[in-house]
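Please examine the sequence and the three-dimensional structure shown here before reading on. The paragraphs below are meant to be read with both in view.

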Amino acid sequence: MPIYVYETQPTAPGQPGERFELRQAMSEAALTQHPETGVPVRRVLSGGLVTFTQGALGDSCGFPAGAPAMGCGAGHCCRN
């Protein structure tokens with residue numbers, strides 16, 4: 001199950017939101033309230049973990065065979 005990041009929505013201008021993480025199934029709806037305090041929350045978009053493997057996906061960086069190399073030069077895993 002993935003871990004989602006949530007942030008409380010400030011109730012006053014200039015008040016910072018509190019961030020917390022929660023493990024949820026992808027099929028579960030996003031929270032609308034903090035599970036302990038009931039304060040309104042929103043899900044924060046965050047990066048994920050990507051694993052590149054060589055083989056069926058194409059080159060050693062996981063891009064399809066024949067995909068144009070851009071940006072970092074030969075031998076690096078950068079694509080635009």
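The following paragraphs lead from the overall fold to individual side chains.

This is a predicted model, in which local features need pLDDT of at least 70 and side-chain atom pairs count only at pLDDT 80 or more, while totals for chains, interfaces and linings use all residues. Residues are numbered from 1 along each chain as its sequence is written, and side-chain values use heavy atoms, with hydrogens and water left out.

The chain has 0 helices and 3 strands. Here helices (H or I, at least four residues) and strands (E, at least two) are DSSP runs, numbered from the N terminus. Read from the N terminus on, the elements follow the order β-β-β. Of the 80 residues in the chain, 16% are buried. The term buried means under 20% relative accessible area, exposed means over 50%, and partly exposed lies in between, as found with a 1.4 Å probe on protein chains only. Contact means heavy atoms within 4.5 Å. Among the contacts in the chain between residues at least 6 apart in sequence, 26% join residues at least 24 apart.

How do the strands pair? Two strands pair if DSSP finds at least two bridges between them. Strand 1 and strand 2 run antiparallel and are joined by 5 bridges. As one example of this pairing, Ile3 has Arg23 in strand 2 as its bridge partner. Strand 1 also pairs with strand 3, again in the antiparallel sense, over 4 bridges. On that side, Val5 stands opposite Val44 in strand 3. Strand 1 is largely enclosed by the rest of the structure, because 5 of its 6 residues are buried.

How many salt bridges does the structure hold? There are 2 salt bridges, a salt bridge being a side-chain nitrogen of Lys or Arg within 4 Å of a carboxyl oxygen of Asp or Glu. In one of them, the side chains of Arg19 and Glu7 meet at 3.2 Å, N to O. This pair links distant parts of the chain, since Arg19 belongs to strand 2 and Glu7 to strand 1 (residues 3-8), 12 residues apart. Arg19 counts as exposed because its relative accessibility is 52%, whereas Glu7, at 12%, counts as buried. The side chains of Arg42 and Glu7 also meet in a salt bridge, at 2.6 Å, N to O. Here too distant parts of the chain are linked: Arg42 is in strand 3 and Glu7 in strand 1, 35 residues apart. Arg42 has a relative accessibility of 47% and therefore counts as partly exposed. Through shared partners, the salt bridges join Glu7, Arg19 and Arg42 into one network.

Aromatic rings are the next topic. Rings of Phe, Tyr and Trp (its six-membered ring) pair if their centres lie within 6.5 Å; planes under 30 degrees apart count as stacked, over 60 as edge-to-face and the rest as tilted. The structure holds 1 aromatic pair. Tyr6 and Phe20 form this stacked pair, with 5.7 Å from centre to centre and 20° between the planes. The pair links Tyr6 in strand 1 with Phe20 in strand 2, 14 residues apart. Tyr6 counts as buried because its relative accessibility is 0%, and Phe20 is buried with a relative accessible area of 14%. A ring also takes part in another arrangement, in which Arg43 lies over the face of Tyr4, at 3.8 Å from the ring centre. A charge sits over a ring if NZ of Lys or CZ of Arg is within 6 Å of the ring centre and within 35 degrees of the ring normal.

Two loop residues complete the tour. Gln24 is placed in the loop between strand 2 (19-23) and strand 3 (41-44). Is Gln24 buried or exposed? Gln24 is buried, because its relative accessible area is 3%. Its side chain is joined to that of Tyr6 by a polar contact of 2.6 Å. A polar contact is a pair of N or O atoms within 3.5 Å; within protein, one must be able to donate a hydrogen and the other to accept it, and residues adjacent in sequence count only if both atoms are side-chain atoms. Leaving aside neighbours within four places in sequence, Gln24 is in contact with Met1, Pro2, Tyr4, Tyr6, Ala29, Leu31 and Arg43. Gly38 is found in the loop between strand 2 and strand 3, and Gly38 is partly exposed, with a relative accessible area of 33%.
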